[in-house]
Amino acid sequence: MIDRLRQRLQSLQWLARPRHPEALPVQLDRRRIYVLPTRFGLFLAALLAVMLLGALNYNNNPALLLALVLATTAMASAVYAHLQLSGLRLEAMSAEPVAAGTPIQLRLALSRSDSRSRRALQLDHEQVQGNASLAQDSQAEADLWLPTTARGWMDLSRIRVSTTQPLGLVRAWSWFWPEAPLLVYPTPEANPPPLPDTGSHSTRTRVHPLGDELQQLRPYRAGDARRTIAWKHSARRDTLLVREYERPAGTELVLDWQQLHVLPHERRISRLARWVDDAEREGRRYQLRLPGTPPIGPASGDAHRHLCLRALALLPPA
């Protein structure tokens, strides 16, 4: 019966607040917190009803007093469970983009507007669960690992926050509905061909820790890798020296959408996403050319990689 009741409540949840996404921060108040008994709570209610009927029937004052005390305790626990959520705030949320098919880590920053402790809070988003507690600190973080299936913007549905504290007799719950979609990158191709050889060649060199030819020795600076220390030269000069290598600046790759015209639409996106990762891993400068947008780059680095993958993720479908 409880499972059927929960299914009916889930089908009617769109009638509950909030009815549309909200801008953060969001605070829960008494008008959007709901309370229902748990299975244990229903069992206790039936037990108390039997105790009250028996005590009244046999005029047993101690049994009547015990039943009333237990009923008062149950009502107090329901009020306490409601207060666990009242004043709870969702301050912010963040998530680093990931490739489609990889779970994305959604971080929720929670706080409270008063000094009451919030313990054993449970957060649910569809089939994903997380936990948080605000006992000593006034702020806490909760993580939800959400599954991803497709590239582009991922709209969040409601996030339920609930608690059965302190006695497990009732469950108090409410919903957050952040107005903040998450970005999902395209899935890189599993076994792509090598990077294309197109691009403008350069004979310039640049200092690089993974270079091939030794350029010079310089004094050690904080943060230098231990493997770059020239121990023999350092022993001779009685000071730490670090090797600096040089490598050719290399070719500036051109990753062109038009050159992959033989592939289907989504397959092109998947291959370009993999080539972006490969070019970044090799330390190459690259330019991404997509239809309807100016060329991106040439450049390299994390910022350039994220810019390219974002452009690929937001390409319209075929």
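How many bridges join β6 to β7, and do they run parallel or antiparallel? I looked this up first: 6 bridges join the two strands, which run antiparallel; strands count as paired if DSSP finds at least two bridges between them.

Before going further I noted that this is a predicted model, in which local features need pLDDT of at least 70 and side-chain atom pairs count only at pLDDT 80 or more, while totals for chains, interfaces and linings use all residues. Residues are numbered from 1 along each chain as its sequence is written, and side-chain values use heavy atoms, with hydrogens and water left out. Helices (H or I, at least four residues) and strands (E, at least two) are DSSP runs, numbered from the N terminus.

**Entry on β6 and β7.** I found that the two strands form a hairpin with 2 residues between them, and that E126 in the turn has a positive phi of about 55°. Opposite G130 in β7 stands L123. Buried here means under 20% relative accessible area, exposed over 50%, and partly exposed in between (1.4 Å probe, protein chains only).

**Entry on α2.** I checked the length of α2, whose 20 residues should span 28 Å at 1.5 Å a residue, and its end C-alpha atoms are 29 Å apart, which agrees; the expected span is 1.5 Å times one less than the number of residues. Its buried residues are G41, L44, L48 and A55. They cover an arc of only 60° around the axis, which puts them on the same side of α2; the arc is that of the directions from the helix axis to the C-beta atoms. On the other side I noted R39, F43, V50, L53, N57 and Y58 as exposed. The cover over the buried residues of α2 includes β2 and α3, and just after the helix N59 takes a positive phi of about 55°.

**Entry on α3 and S86.** I then turned to α3, which has 25 residues and reaches 37 Å from its first C-alpha to its last, close to the expected 36 Å. Its buried residues are A67, A74, S77, A81, H82, Q84 and L85. S86 lies in the loop between α3 (61–85) and β3 (88–94), and I recorded S86 as buried, with a relative accessible area of 17%. Leaving aside neighbours within four places in sequence, S86 is in contact (heavy atoms within 4.5 Å) with L28, I33, D114, R116 and R118.
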